[in-house]
Amino acid sequence: MKSLYNYITGIFKGAWSLLVGMKVTGSYFFRPSTIVTQQYPENRKGRGKRTKKKLEMFDRFKGELIMTHNEQNQHKCNGCGICEMNCPNGSIEVIPVSITAEDGKKKRLIDKHIYHLGMCTFCGLCVKACPSKALAFSQEFEHAVFDRTKLTRILNHEGSSIMKGTE
Amino acid sequence: MPFNIYDFTSFTQWIDKSLYENCAPFWAMIWELSIIGLVVLTFYALIGLFLVYAERKICAFFQCRIGPNRVGPWGLIQTIADLIKLLLKELVNIRNADKFLFNIAPFIVIIASFLAIAAIPFAKGLHAIDFNIGIFYVIAVSSLGVIGILLAGWSSNNKYSLIGAMRSGAQIVSYELSVGLSMITICILAGSMQLSTIVENQANGWFIFTGHISAILAFIIYLIAATAETNRGPFDLAEAESELTAGFHTEYSGIKFAFFFLAEFMNMFIVASFASTMFLGGWMPFHIAGADGFNVVMDYIPPLIWYFGKTFFIIFLMMWFKWTFPRLRIDQLLTLEWKYLLPINLVNILLMAFLVLMGWHF
C-alpha cells in the first residue's frame with residue numbers, strides 16, 4: 001500500500017516539478033526584456049535601430065590602463081617604478097626625473113609613464129601593486145588601430161603635476 | 001473554378017473531373033499522383049524550413065537570446081541561406097561504411113515521414129488519402145522511420161553512431177506502444193479509425209473536452225510519447241550531442257544530413273498535427289454544443305487557420321519541453337515508459353471504454 005502511495009504521489013510531484021521548470025523558461029520566453037544578447041556594432045552609440053541602450057562595460061572590466069587625473073590635471077604617481085617591476089611582460093616603462101625642491105631636498109617625479117597596450121595581458125598586477133593608487137583600468141575596449149605605434153601610450157597627461165600629499 | 005476556403009471537396013473534385021475529361025484514365029491518375037506529390041514536397045520543404053527557423057528563434061527566447069537576426073528582417077531568410085549552404089557542401093564518403101545502406105538510410109527516414117503526411121486531414125476535402133483505418137496506417141508508417149535511423153547508425157561503422165541508433169531503437173520500440181494506445185483511446189471515443197470521421201465527430205466539441213478525464217490523460221501521454229518518438233526534447237538520447245557527438249547522423253554531411261534534420265522537424269510537425277486532429281479537433285472550429293450563435297461566428301474562421309493554429313500550438317509546447325527539461329538517462333527513459341506511461345495508459349483505455357459504455361462523455 002505504501003509503495004502504491006509513493007507511486008502515485010511520485011507522479012504528481014514529478015509533474016509539478018516539470019511545471020515549475022516550464023514556468024521558469026516560460027517567464028523568460030514571454031518577457032523579451034530579459035534578453036541579454038548585446039548586438040555589438042549597432043549598440044556602440046546607443047541609438048541604433050535594434051538597440052536603445054548603449055553598450056557599457058561593467059566596472060571591473062579591464063579595458064586599458066589609465067592614470068587617474070583630477071580636475072586640476074593632477075595625478076598620484078610619484079615614479080617609484082613598482083608597477084614597472086611588477087609587470088610580467090614589460091609593458092610599462094617609467095621614466096623618472098629628479099628635481100630639487102625649495103628646501104634643497106632631491107625629489108623623484110615622473111617624466112613619462114609609458115604603457116605599451118600591444119604587450120599588455122591585462123593581468124592587473126600594476127594596479128594591485130601601485131602603493132599610491134595612481135593607476136586604474138578604464139572600460140574602453142575598442143583598441144583596434146592601423147598603426148602599431150599608436151598602441152604605445154603616455155599615461156600622464158600633458159602638463160600634469162603630482163597631487164599634493166602623495167609625493 | 002469552384003474554390004471555397006471552407007470546403008475543398010468541390011475544388012479537388014473539379015481538378016479530378018477536368019483531368020479525367022481531358023486525359024486517358026491512366027494518365028489522369030498519373031497527373032493526379034504527380035500533382036499531389038509535388039504539393040506535398042513543396043509543403044514539406046516549406047514547413048521544414050519554417051520549423052527550423054521557429055525552433056531557433058523560440059529556443060533563443062527561452063534562453064534569453066535573440067536568435068537569428070542578421071539575414072533578412074528578423075533573420076527570416078537565415079534557414080534558406082542554411083539550405084543553400086547544405087546543398088553546396090561536400091558529401092563525404094566514409095571509406096569503411098556500408099555504402100549502399102549508408103546512402104539509402106536518409107531516404108528511408110524521409111519516406112516514412114512522407115507517408116505519414118499523406119494521411120493528415122488539413123481541411124475538409126484537403127486530404128491526400130482518407131483510409132478507413134487511418135489511425136492504424138499512421139501508427140504503422142510512423143514506426144518505419146526507426147529502420148532508417150538503425151541503418152544509418154549501423155552502416156556508418158562508427159561506435160557513436162551505433163550507440164545512438166540502438167538507443168533510438170529501444171526508445172521508439174517502447175514509446176510506439178504509448179502512442180498507439182493513446183490513439184486507441186481516442187478511437188474508442190470516436191468509434192472510428194478514419195481520420196476524416198474523427199474530425200467530423202468533433203463538431204460538437206473537441207475530444208479533449210468531450211472525453212474529459214480520460215481524453216486529457218491520453219493527450220498528456222500522447223504528448224510525452226510523441227516527443228520521445230521524434231527523438232526530440234528531453235528524449236534526444238539518440239543524438240545526445242554531449243555524449244555521442246551527433247549520434248546516428250555523425251558521419252553524414254551536406255544534403256544527406258539535411259534529410260535527417262528535415263525529417264526530424266517534419267516528424268515533429270506530423271505528431272503535432274495528429275495530436276491536434278485527434279484531441280483538438282483538427283480543422284474543426286471551436287464549437288460548444290448548443291451555443292449556435294457562437295458556433296456560427298467560429299465557423300467564419302477558415303479551417304486551415306484552425307488546423308495550423310492548433311498544430312503550431314502543440315509544436316510550441318514540444319519546443320518548450322525541449323528547451324526546459326534536461327535529457328533523460330536511458331534507464332530513466334525506459335522506467336518512464338514501462339513503469340508509468342504504459343500502466344496508466346492501459347488503465348486509461350479501460351476507463352475510456354467504461355465512459356463510452358455508460359455514455360458519460362459529452
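This tour walks through a predicted model of two chains, stop by stop.

**Before you start**

Residues count from 1 along each chain as its sequence is written, and chains are lettered from A, with ligands numbered from 1, in the order in which they are written. In this predicted model, local features need pLDDT of at least 70, side-chain atom pairs count only at pLDDT 80 or more, and totals for chains, interfaces and linings use all residues.

**Stop 1: the domains of chain A**

Select residues 2-36 of chain A: this is domain 1. Then select 64-162, which is domain 2. These bounds come from an automatic or database domain assignment. The centres of the two domains, taken over C-alpha atoms, are 55 Å apart.

**Stop 2: a sheet in chain A**

Select β3, β4 and β6 of chain A. They form an open, antiparallel sheet in the order β3-β4-β6. Strands here are DSSP runs of E with at least two residues, helices are runs of H or I with at least four, and both are numbered from the N terminus. Two strands pair if DSSP finds at least two bridges between them. Which strands stand at the edges? They are β3 (92-100) and β6 (152-154) of chain A; each has a single partner strand, so one side of each lacks a neighbour in the sheet.

Now zoom in on β3 and β4 (106-116) of chain A. Their antiparallel pairing runs over 9 bridges. Pick A:Glu93: its bridge partner in β4 is A:Ile114.

**Stop 3: a loop residue in each chain**

Select A:Phe122, in the loop between β4 and α4 (125-129) of chain A. Its phi is positive, about 60°, although A:Phe122 is not a glycine. Is A:Phe122 buried or exposed? It counts as exposed, because it has 12 C-beta neighbours inside 10 Å. The scale is this: buried means 20 or more other C-beta atoms within 10 Å of a residue's own, exposed means 12 or fewer, and partly exposed is in between, with C-beta atoms placed from the backbone.

Move to B:Trp74, in the loop between α2 (25-62) and α3 (78-88) of chain B. B:Trp74 also has a positive phi, near 55°, and is not a glycine. With 14 C-beta neighbours inside 10 Å, B:Trp74 counts as partly exposed.

**Stop 4: where the chains meet**

Show both chains. Here 13 residues of chain A are in contact with 10 residues of chain B. Contact means that two C-beta atoms, placed from the backbone, lie within 7 Å.

**Stop 5: the largest nonpolar core**

A nonpolar core is a set of buried Ala, Val, Leu, Ile, Met, Phe, Trp, Tyr and Cys residues joined through C-beta atoms within 7 Å. The largest one has 89 residues. Select B:Val109, B:Ala225, B:Phe269, B:Ala275 and B:Phe279, which touch the most other members. Helix α12 (254-278) of chain B gives the largest share of this core, 15 residues. Another core lies apart from it; its 14 residues include A:Ile92, A:Val94, A:Cys126 and A:Leu135.

**Stop 6**

Select B:Phe8, in the segment before α1 (9-22) of chain B. B:Phe8 is buried, with 20 C-beta neighbours inside 10 Å. B:Ala123 is 115 residues away along the chain, yet the two C-alpha atoms are separated by 7.2 Å.

Finish at B:Asn204, in the loop between α8 (195-200) and α9 (207-210) of chain B. Leaving out residues up to four places away in sequence, B:Asn204 touches B:His287 and B:Ala289. B:Phe362 is 158 residues from B:Asn204 in sequence and 8.7 Å away in space, C-alpha to C-alpha.
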